[in-house]
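Here are my notes on the model, point by point.

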Amino acid sequence: MVEDPHFSKLMCDRPWLSNYPEGVPHSIESQDVASLGETFRQTVRKYPDRPAAISFGATLTYAQLGNAAEQIASWLIARSAKAGDRIAIMMPNVMAYPAVLYGILIARCTVVGINPLYTATELARQLNDSGARTIFVLENFSGVVEEAMQRTSLETVVVAKAGDLLGIRGMAVNIVAKWVKRAVPSYRLEGHIPFSSITGGRQRPPARVEPNLDDIAFLQYTGGTTGSPKGAMLSHRNVATNVEQSIAWFGPMLRKYAGQHVMVSALPLYHILALQACCLSMTRLGGACLLIANPRDITGFIRTLRRSKFTLFCGLNTLFNALSNHDDLKSVDFSDVQFCNSGGMATQAAVAERWTKITGARIVEGYGLSETSPVLTVNPWNVSSLTGTIGYPVPSTDISIRDADGKPVAPGHAGELCAKGPQVMIGYWNLPEETSRAMTPDGFFRTGDIAVMLPDGQFKIVDRLKDMILVSGFNVYPTEVEEVIASCDGVLEAAVIGLSDETSGEKVAAFVVRKDPTLTEEKVRQHCRAFLTPYKVPRVIEFRSTLPKSNVGKILRRDLRSSL
């Protein structure tokens with residue numbers, strides 16, 4: 001047998017390909033995917049009676065969700081919405097969210113997901129940047145829209161209630177009533193349209209228009225943890241291909257319970273990980289989303305898990321940490337769970353170990369960004385424990401580690417992780433210069449994360465490029481120090497930043513939330529000395545009652561710096 005030199009070079013340049021789990025293809029044909037709206041319609045036709053979404057104890061089938069989405073699409077088109085018009089959604093994970101999402105996509109408009117906890121100033125900034133003139137908002141947050149409205153070009157406000165689409169009955173009545181009573185402030189939005197008036201009657205089905213895979217499906221605003229949020233333009237092709245990449249990767253595991261998968265969806269659907277992994281991927285598989293409206297209510301969250309059947313779980317480090325530190329988690333049945341998907345931030349070994357010990361469920365860590373739809377790399381689905389890596393690139397994805405000049409570094413050396421693939425965004429909305437700065441001359445997206453490639457083609461994130469601390473010329477990566485502190489007895493969570501220092505340039509500062517109130521600075525410092533070289537040991541240790549976090553639970557080091 002004659003060896004193909006091209007294939008040999010491919011394996012040398014991309015060693016991950018020879019280490020893919022069995023059955024995972026090397027590539028995904030992006031031209032073969034359907035638009036996201038058409039994929040949804042196909043699932044509705046194929047599985048009309050399957051559960052699509054579960055919320056507050058009520059279930060919506062695909063036929064019911066499809067009917068609501070078609071009504072919303074018809075309403076948008078009747079109001080002269082055109083392909084590419086930006087439509088905003090400002091809701092937590094309630095039943096109306098997926099209906100609005102798919103209605104917008106069917107109408108060939110662009111979804112602008114907005115954090116429902118935004119202030120009026122933040123909301124106005126995002127609405128003005130995106131140019132959205134219509135917003136769907138849960139009534140709990142209508143007061144913020146009212147306050148921001150005069151500073152925007154908003155023309156239409158649709159107000160949904162937590163009970164919309166639930167078919168209120170039984171247990172859901174009491175749960176929603178209690179939630180609404182304590183969560184809905186008074187508001188006056190003159191001329192607003194009740195959501196129920198759109199989905200409660202009959203609407204003519206929207207005309208079947210030929211979908212364009214290169215239409216912008218989402219203006220996905222970055223989390224803003226490193227600066228002002230920017231709108232990443234994600235096309236139907238970008239996101240639909242990433243769904244196929246993820247399903248191909250987890251295929252063997254997903255075939256068990258096929259058609260019966262229920263994904264615990266605690267991360268908000270405006271976040272790219274939840275949007276793709278929980279909502280769009282479950283639709284593609286004909287599975288269901290167990291929607292958690294308020295994951296910060298850990299007691300209520302666990303109560304929901306106790307009375308639910310689920311097979312998949314999507315979260316991030318702070319969520320796994322909060323749940324596993326609650327005594328009631330032991331009462332939840334995780335026996336059907338195939339794996340727990342973790343992303344958004346580094347998962348700490350101590351947190352993963354405690355989670356698996358309590359639940360018996362494995363955490364499979366992946367990596368991606370808003371700009372990449374989001375998945376770039378994932379660990380093999382059959383890992384027995386946390387590997388400390390972000391895994392291998394998914395099919396049709398190239399990863400290159402580059403130095404400050406944009407040149408590839410030798411394997412095993414740290415540099416900026418740069419990525420190329422069909423899931424990489426079109427660019428930043430109305431920011432051509434930012435788009436240009438984010439790309440290398442040969443078309444790789446610069447992630448801003450520092451990583452190394454291991455010999456077998458797995459990648460390991462070292463830290464954010466902008467978060468790196470320089471102590472007397474030595475690089476200190478906050479994630480490494482945080483991981484050590486998190487393993488110290490009595491620590492609930494920790495964050496590390498660099499502070500200026502006249503002698504060393506910068507010094508390491510740690511902010512710690514105690515689980516044990518007797519924990520001292522000296523105990524934390526001694527623990528660090530046992531695992532870290534001296535220049536990495538925090539010179540400043542400060543105890544805090546809480547750490548600043550984004551709405552999805554990512555610790556905001558930037559806010560720590562500004563609080564000093």
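**Notes on the model**

1. Start with F136, which touches I72, W75, L76, I87, A88, I89, M90, M91, V100, V158, F195 and I198, leaving out residues up to four places away in sequence. Contact here means heavy atoms within 4.5 Å. F136 is also one of the residues with the most contacts inside the largest nonpolar core, a set of 156 residues; the others in that group are M91, L101, I135, F218, F313 and W355. Apart from that core lies another, of 19 residues, including I469, V471, I485 and A510. For the cut-offs: a nonpolar core is a set of buried Ala, Val, Leu, Ile, Met, Phe, Trp, Tyr and Cys residues joined through side-chain atoms within 4.5 Å. Buried is under 20% relative accessible area, exposed is over 50%, and partly exposed is in between, with a 1.4 Å probe and protein chains only.

2. Some ground rules. This is a predicted model, in which local features need pLDDT of at least 70 and side-chain atom pairs count only at pLDDT 80 or more, while totals for chains, interfaces and linings use all residues. Numbering runs from 1 along each chain as its sequence is written, and side-chain values use heavy atoms, with hydrogens and water left out.

3. On confidence: pLDDT is the predictor's confidence in each residue, from 0 to 100. The protein chain has a mean of 90, and 92% of its residues reach 70 or more. Over residues 1–8 pLDDT stays under 50, and the model has one contact beyond four places in sequence for that stretch. Where pLDDT is low, the predicted coordinates should not be read in detail.

4. Now the aromatics: the structure holds 13 aromatic pairs. Rings of Phe, Tyr and Trp (its six-membered ring) pair if their centres lie within 6.5 Å; planes under 30 degrees apart count as stacked, over 60 as edge-to-face and the rest as tilted. F250 and F339 are a stacked pair, because their ring centres are 4.5 Å apart and their planes are at 15°. F250 sits in helix α9 (residues 236–254) and F339 in strand β13 (residues 339–342), so the pair ties together parts 89 residues apart in sequence. F250 counts as buried at 7% relative accessibility, and F339 does at 5%. Helices (H or I, at least four residues) and strands (E, at least two) are DSSP runs, numbered from the N terminus.

5. For contrast in geometry, take F310 and F334: their centres are 5.4 Å apart and their planes at 90°, so this pair is edge-to-face. F310 lies in the loop between α11 and β12, and F334 in the loop between α12 and β13, so the pair links parts 24 residues apart in sequence. F310 is buried at 3% relative accessibility, as is F334 at 6%.

6. What covers the buried residues of α11? The cover includes β10 (262–265), β11 (288–291), β12 (312–315) and α12 (317–324). In α11 itself (residues 298–306), the buried residues are I298, G300, F301, I302, T304 and L305.

7. There is an open four-stranded sheet in the order β17-β18-β20-β21, with antiparallel pairing. Its edge strands, β17 (398–402) and β21 (459–464), each pair on one side only. Two strands pair if DSSP finds at least two bridges between them. Five bridges join β17 to the antiparallel β18 (residues 415–420), and I401 stands opposite L417 in β18.

8. An open sheet of three strands runs β24-β25-β26, with mixed pairing. β24 (491–501) and β26 (540–543) are at the edges with a single partner strand each, so one side of each has no neighbour in the sheet. β24 and β25 (residues 505–514) run antiparallel, joined by 10 bridges; A494 has V512 in β25 as its bridge partner.

9. Last, C488, in the loop between α15 and β24. C488 is buried, with a relative accessible area of 5%. Leaving aside neighbours within four places in sequence, C488 contacts L519, K523, V524 and H527. C488 and H527 are 39 residues apart in sequence, and 6.5 Å apart in space, C-alpha to C-alpha.
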